[in-house]
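Let's take a walk through this one together. Have the sequence and the 3D view open side by side as you read.

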Amino acid sequence: MIQTVKGKIDKNFQGRALCHEHISCTDNNYAKAFGKKWLKRDELSDYAARVLSGLREKYGVTMFVDGTPIDLGRDAKLLSDVSEKSGVHIVASSGTYWFPGFAGDYNTPEEMAEFFIADCTEGMEDTKVLPGILKCASGRYRVTEEIEKRHRAMGITSKETNLPIYVHCEHRGDDVFTQTDILLSEGTNPEKIIVGHTAIRPEADYLEKVLDKGFYISMDQCFCFPSKMNIFGESLVALCQKGFSDKILLSNDYCIYSDFPARKANGFHITEERQVENLAFVYNGLKTAFLEAGGSETDFIKMTVTNIQNALDV
């Protein structure tokens, strides 16, 4: 079964899936302080629902995993509303990003985990909406003491709830193994770990070392590196030929609306049709690169449907 914002569904749902995207990334502190002056949630709900409806109708996408944790502006009610309006299953995220905070300075990993376990079992943000995936991240400051605590809290939460963990990694040095070793030390099942953003470092030899640990990898953000399309295709083919076709997930890490500087161009001024095509990059640009490198339709279906179903199964 897969936990969506509208309840659990059979993992063998019909249609395509995107395993790591975002409806909205926004600063909830500003949204709380300035209300509709900062974020027009009702307008965003209708707009995002039309985008997802278009994605479903044109490309057959029926599952959308929203990778927005609490400190990237997660909004459980918004996700539930968009799912209901669009007819697309949405999976929400618990967990954290890498932005520095002060909660970790005063709480142990075990104390932090108590809150996240409740998030996953009782409901998010005073709703009954439950997440279907966790998230932890390292970023600009790599694996600090605070980031280690957050990873330990997520490892404890995954062990308790059986939810998968998406590991945001910028793939500097051996950070991915530092991050995953922390999770494993807390008893996380390696088959519940999804190493994300591997388009940053797509070399097959490197990714084989990650996959050898028993993890999934998410090849997302490929649209950010158009000059590397041939590398993405060749790397995916090489990994499939080595027997890892069951452990690769494809997505975009695209955000429909954002007030973050890196993505502030995303928003209502972009036509809904353009947003649909941006989210469909996996099925156009990345698929073309994979097939031209010698990949098969069968493996592409695995990476965009079957593997995502298995990775999310709880």
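Keep in mind that this is a predicted model. A handy place to start is Gly 187, which sits just after helix H7 and takes a positive phi of about 90 degrees. Step back from there into H7 itself, which spans residues 175-185. Its buried residues are Asp 175, Val 176, Phe 177, Gln 179, Thr 180, Ile 182 and Leu 183.

H5 gives the most, with five residues. The pocket has a volume of about 880 Å³, and of its 30 lining residues, Ile 70, Asp 71, Leu 72, Thr 96 and Ala 103 are the closest to its centre.

Now over to the strands. Four of them form an open sheet in the order E5-E4-E3-E12, paired in parallel. At the edges you'll find E5 (89-91) and E12 (255-258), each pairing on one side only. Ignoring direction, neighbouring strands here are turned by 25 degrees against each other on average. Inside the sheet, E3 (residues 16-25) and E4 (residues 61-66) pair in the parallel sense over four bridges, and Arg 16 stands opposite Val 61 in E4.

Note on methods. Residues numbered from 1 in each chain as written. Predicted model: local features only at pLDDT ≥ 70, side-chain atom pairs only at ≥ 80, totals over all residues. Heavy atoms only, no water. Buried < 20%, exposed > 50% of the residue type's maximum accessible area, 1.4 Å probe, protein only. Helix = DSSP H or I, 4+ residues; strand = E, 2+ residues; numbered from the N terminus. 1 Å grid on protein atoms, 1.4 Å probe; cavity = no way out; pocket = protein on both sides within 12 Å on 5 of 7 lines; lining within 4 Å. Points joined across faces, edges and corners; volume = space filled by probe spheres on them. Pairing = 2+ DSSP bridges. Axes fitted to C-alpha atoms, helices over the stretch in contact; angles between N-to-C directions.
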